[in-house]
Amino acid sequence: MKINERYYPLLATLAVLVLLYGYGIVEHRAFSDTYVLGALLTDNAFLIITAVGMTFVILSGGIDLSVGSMIAFVGVLMAELVTGFGLHPLIAVVISMAVGTAFGAFMGLIIAKFDIQPFIITLAGMFFLRGMCFLINLDSVPIDHPFVSDFGGFKIPLPGRGWISAAALLMLITVIAGVVIAHYTRFGRNVYAIGGDRQSAELLGIPVHGTIIRVYTLSGFFSALAGVVFAFYTASAYPLAAVGVELDAIAAVVIGGTLLTGGMGFVIGTFFGGIIMGVIQTLIAFDGSLNSWWTKIMIGALLFGFIVLQRLITRSFSGMRAGAT
């Protein structure tokens, strides 16, 4: 049975993950312990949550550079609400996520209504949110509350020494929700259609402007949720937190097999892409002799490979369409 070419990047992602994880098990006996798996899921939870939202943006043919600043802003805002105003962390979470989601919707509205390149608007959003972080607080602020401690101490035991933390559990729920939204809802089908061919989508009567607004609203929601997870994970907030995470999220999406030009990709692939980045970091930590910058080198090499693979696939589809006409 012939495999659809749309699945080639996802299969390549799975192959890379299996090879890297298999190499880690062969080279380091402790790598097979579920402790490593639990740590991978926990340490990369906020990145994968961010990348799920970024997947929808890239599938629609857009980009969102504000997600890293959003993570820092939500953390700083939560810390101010908890420590400065004495609110319960759950109330602070609701307020912060509402603000983050609304800001995502605002950017989407400008992009859709004024037909402005998402790169420019989200770049402006990145600077605005980072500046707001420093306006609220210049220093690192600990979030000292029993609820935050309980969040950090929550564990679901795994066989061996591992466990699923609250951050990892939230991340897994987010990935499942992302898969359902992308593949089993009309909104998800509209996102794929717009990313594949916006003009054809308009001719088919798909609400392009409304869908784009919802895409950036969703990205704002997921990056705000990532900010909550990151703040609870570190039990603190810092205006310079998550610098460069927007690039890491894009890398996770691309390594996960989503086409940068939009219209092709899978949310589950983004999950695997984020785990691959975590596995690379873990392998370098286990080795002990390599500089941490080797993580960037290896991720860069993977990105080169996946971008070339994407180009080959798009050429193949273009050739098939030309042959059909």
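**Inside the model**

The largest cavity has a volume of about 40 Å³, where a cavity is a set of points, on a 1 Å grid over the protein atoms alone, at which a 1.4 Å probe fits but cannot get out, and a volume is the space filled by probe spheres set on the points, which are joined across faces, edges and corners. Elements that give two or more residues to its lining are α4 (67-84), α11 and β4 (236-237); lining residues have an atom within 4 Å of a point, and helices (H or I, at least four residues) and strands (E, at least two) are DSSP runs numbered from the N terminus. Among the residues lining the largest cavity are Ile71, Gly227, Phe230 and Tyr238.

This is a predicted model, in which local features need pLDDT of at least 70 and side-chain atom pairs count only at pLDDT 80 or more, while totals for chains, interfaces and linings use all residues. Residues are numbered from 1 along each chain as its sequence is written, and side-chain values use heavy atoms, with hydrogens and water left out. The chain averages a pLDDT (the predictor's confidence in each residue, from 0 to 100) of 92.

The largest pocket, with a volume of about 260 Å³, belongs to another kind of space: a pocket is an open set with protein on both sides within 12 Å along at least five of seven lines. Its lining has 14 residues, of which Ser60, Gly61, Pro118, Arg198 and Ile212 lie nearest its centre. Both α9 (186-196) and α11 (208-234) supply at least two residues each to this lining.

Most residues other than glycine have a negative phi. Asp115, however, has a positive phi of about 50°; Asp115 sits in the loop between α5 (89-114) and α6 (118-136) and is exposed, with a relative accessible area of 60%. Ala242 also has a positive phi, near 60°, but Ala242 is buried, with a relative accessible area of 12%. Here buried means under 20% relative accessible area, exposed over 50%, and partly exposed in between (1.4 Å probe, protein chains only).
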